[in-house]
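Biologist: I would like to learn how to read backbone angles and nonpolar cores. Can we take them in turn?
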Amino acid sequence: MSSVLGNKIRLSVFGESHGEAIGCVIDGLPAGVKLDMEKINKEMARRAPGKDKTSTPRKESDTPIILSGVLNGVTTGAPLAMEIRNSNTQSGDYKNLMTVPRPSHSDYPAYIKYCGNNDIRGGGHFSGRLTAPIVFAGAIAKQILEQKGIKIGSHISRIGNVFDSSFDKNNISSELLNSIVSNTFPVIDTEKESEMRDVIEEARLNTDSVGGAIECAVIGMPVGVGGNMFDTVESRLSAAIFGVPAVKGIEFGLGFDFAGEHASKVNDCYKVEDEKVKLVSNNNGGIIGGMTSGAPIVFKVAIKPTPSIAKPQQSVNLQTMQNETLVIKGRHDPCIVPRAVPVIECVTAFVILDLML
């Protein structure tokens, strides 16, 4: 299994959902960065489970324990190692999944690829729990980027068929990002929160789950970061974001809506304002020719419904090779989207920092 991200700084994630611990090693962080642990813990708390009925009832403190690479709260330049202890596991709920794989989960392909040796408990190394170390690494990246005037924020764009307002792609303020990031249920139009929660609660009561989408923005980027061909900002971000469990799609700017338009309507024209070159529009989502245009980077990510649901589902018994009805036990999110918001932000932060270095 490969769980390494980055070129100039590298993030290696380790652990399993029900193992002793999860964690990461970050190699290549610059020395002399003073870490604000309060900010890091706030990011961890945004992702943590068990806050309300929209998430799994499994409660974990998600307290990061730094093992190396930091002295007196400042990075030393050595690899930074961190672990989070797992304390609230119920591994017995997963015994039947060794032979009867969950639909739309990693169980069956992992069983074949690793000859049945993969850890199935809670999803093992394929679990969304492994996003906690990613948030830790991204929280550090956010602090470094903020020193460069770069800020990242995102909101729940959609839950089921309930939609939030979208970012004004060419005019996103730091105040707006601060506002939505500080919200426990991050939406731009606060009136949509109750509607979205109702959709999630309906799915939960029906022993089902529901998907959604997240819109993310990066402001303060200089012009010309990135490259062409296979080193574009889009390709680097997409590759990393698809490493987040449940992500099934991504689009930058207008994305698929470009397919129905003429260039004369969607081209991002230029103007001079305050003796600087600026874009009239930002339909390309802040990236042109694979490089940053100076406008905000804006993209949307599609999140599929949590595949582990309590409804009976059709599966197979891999030992008897007979069809079998599967009833999944355990504790699972009726909607993973609210907890995925900080994960998308932190993956983005890590990639952007890597590109900036």
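Biologist: Does Ser-104 count as buried, partly exposed or exposed, and at what relative accessibility?
Modeller: Start with the ground rules. This is a predicted model, where local features need pLDDT of at least 70, side-chain atom pairs count only at pLDDT 80 or more, and totals for chains, interfaces and linings use all residues. Residues are numbered from 1 along each chain as its sequence is written, and side-chain values use heavy atoms, with hydrogens and water left out. Buried means under 20% relative accessible area, exposed over 50%, partly exposed in between (1.4 Å probe, protein chains only). Ser-104 counts as exposed because its relative accessibility is 57%.

Biologist: What is the phi of Ser-104, and where does Ser-104 lie?
Modeller: Most residues other than glycine have a negative phi. Ser-104 has a positive one, near 65°. Ser-104 sits in the loop between strand E7 (80–85) and helix H2 (107–113). Helices (H or I, at least four residues) and strands (E, at least two) are DSSP runs, numbered from the N terminus.

Biologist: And what is the phi of Thr-207?
Modeller: Thr-207 has a positive phi near 50°. Its loop runs between helix H5 (192–205) and strand E10 (212–219). At 36% relative accessibility, Thr-207 is partly exposed.

Biologist: How many residues has the largest nonpolar core?
Modeller: Nonpolar side chains tend to be buried together in soluble globular proteins. A nonpolar core is a set of buried Ala, Val, Leu, Ile, Met, Phe, Trp, Tyr and Cys residues joined through side-chain atoms within 4.5 Å. Here the largest has 68 residues. Helix H8 (residues 337–356) gives the most to this core, 13 residues.
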